[in-house]
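Here is a protein chain to walk through, from its overall make-up down to single residues. Keep the sequence and the 3D view side by side as you read.

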Amino acid sequence: MRLDDSNLLTALHEGAFEQPLWHSFLLRIRERTNAGYVSLIFRPIDDQPIFELSTGESPPLHLRALFHEKFVRDPLPYRNMREGRVYRFEELIDPAEPLHRAFLDELILPWGMIHSQSIRVAEPGGSEAWLGCLGRADIGSSVSALMSALAPHLRIALRTFATLERERARSTLTSEAFRRLDFGWLTLDARCRIIDMTEHMEQMFRRSTVLRRGRYGRLTPESPTVDRQVTALVKQFAQDPDLPPRAINLARDPLMDMLLRPLRDGSVVSPSPPVAIAYVSGDRWSQADRCDQLVDMFGLLPSEARLAWSIAQGRSIAEAAVELGLTIETARNYSKKIYAKTGSRGQSSWCATC
């Protein structure tokens, strides 16, 4: 059999992006080999669940239940197949072994798929895959040759899939962390158009009017002054990627800040290359909400909580006193009470609780 017939390689390499996974590839393999059943089994890494993709005449439900109840956790021979080698069914079953004999008598013979060719491949990260063709009639040497020729390509497809799955898992964890921290990032081209961003940025757009996605996908701050500042910085970064980052306060209550820096390693596949990345951090709670929390947590008076929150934002006692309309002496007396009620030994330690 010629490997490039029926676009097998195309279906194999596109299968990782298809739903259901590798459906077209399995259909074409079955057509090519006249097999009654074709399966592609994956084990992402050791001790992870195995999942199976298949097409054709599946085992009856009672036989599938038997397999999962009795055989799926046992050390069946396919687990010890040499990587890259094609095996016939009889090479994997030892009739003198009770477990193998039960597997043959209770599952394979009632199903009727007694002929098979199968191969195991593995990728460097530890993921494994088994491709199997089963039939009621003999499956000849041409199928074995086809599987051998497919092995290096199947290995590449497995590596692509494993990489995508790892990145998907990492992205999920990162997204959850960003959500909890109320943090996100977005990349911008030279015209301040959004090229890419974290999922959480969409939530921040919906929750606050401080930033939004404007016409043509342009990042548009609510403040015209901030808009001009961001636009000018992005243009400068496009011309000189070695410029230092710049921090911009977007809102005080609730607090929202942006750190804008040049992007020196932007995507090579983007239609409009990104030149800057903006890290945006916000607070879901207003200043009044945070002060109420301090009152509840530490038994502070509202006036003490307001002072604690003001100093936690980086202001000195003198600056906080001016902001809150207090005398320096009153602010110092409040700070002593804050130390006592929060169990802190100094300003840095109780600021960390805010």
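Helices (H or I, at least four residues) and strands (E, at least two) are DSSP runs, numbered from the N terminus. This is a predicted model: local features need pLDDT of at least 70, side-chain atom pairs count only at pLDDT 80 or more, and totals for chains, interfaces and linings use all residues. Residues are numbered from 1 along each chain as its sequence is written, and side-chain values use heavy atoms, with hydrogens and water left out.

Begin with the whole protein. Its secondary structure comes to 13 helices and 12 strands. Of the 354 residues, 41% are buried. Buried means under 20% relative accessible area, exposed over 50%, and partly exposed in between (1.4 Å probe, protein chains only). The protein exposes about 19500 Å². Carbon and sulfur atoms supply 52% of that area. Accessible areas come from the Shrake-Rupley method with a 1.4 Å probe; for residues, only the protein chains shown count as cover. Contact means heavy atoms within 4.5 Å. Among contacts with a separation of 6 or more, 54% join residues 24 or more positions apart.

Now go to the loop between helix 2 and strand 1 (37-43), where N34 lies. N34 has a positive phi of about 60°, although it is not a glycine. At 70% relative accessibility, N34 counts as exposed. Y216 also has a positive phi of about 60° and is not a glycine. Y216 sits in the loop between strand 8 (211-213) and strand 9. Its relative accessible area is 69%, so Y216 is exposed. Most residues other than glycine have a negative phi, and most peptide bonds are trans. The peptide bond from Q19 to P20 is cis, with omega near -5°. P20 belongs to the loop between helix 1 (8-14) and helix 2 (23-33).

Next, which residues of helix 8 are buried? They are V226, D227, V230, T231, L233, V234 and F237. These residues cover an arc of only 165° around the axis, which puts them on the same side of helix 8. The arc is that of the directions from the helix axis to the C-beta atoms. An α-helix has 3.6 residues a turn, so residues three or four places apart point the same way. On the other side of helix 8, P224, R228 and Q239 are exposed. The buried residues pack against strand 6 (183-188), strand 9 (219-221), strand 10 (246-252), strand 11 (255-262) and strand 12 (276-282). Helix 8 itself runs over residues 224-239 and has 16 residues. From first C-alpha to last it reaches 23 Å, close to the 22 Å expected at 1.5 Å a residue. The expected span is 1.5 Å times one less than the number of residues.

T187 lies in strand 6 and is buried, with a relative accessible area of 8%. Leaving aside neighbours within four places in sequence, T187 contacts R193, I194, I195, D196, L263, P274, A276 and I277. I277 is found in strand 12. I277 is buried too, with a relative accessible area of 8%. With neighbours within four places in sequence set aside, its contacts are W185, L186, T187, L259, L260, R261 and L263. The C-alpha atoms of I277 and D189 are separated by 9.0 Å, yet these residues are 88 apart along the chain.

Not counting residues up to four places away in sequence, S116 touches Y87, R88, F89, C133, L134 and I139.

The axes of helix 10 (residues 302-312) and helix 12 (residues 328-342) come within 9 Å and cross at roughly 90°. That makes helix 10 roughly perpendicular to helix 12. The contact is made by S303, E304, L307 and A308 of helix 10 and A331, Y334, S335, K337, I338 and K341 of helix 12. Axes are lines fitted to C-alpha atoms, for helices over the stretch in contact, and angles run from 0 to 180 degrees between N-to-C directions. Angles under 35 degrees count as roughly parallel, over 145 as roughly antiparallel, 65 to 115 as roughly perpendicular and the rest as oblique. In helix 11 (residues 317-324), I317, A320 and A321 are buried. Seen down the axis, they fall within an arc of 105°, so they line one face of helix 11. G325 follows helix 11 and has a positive phi, near 75°.
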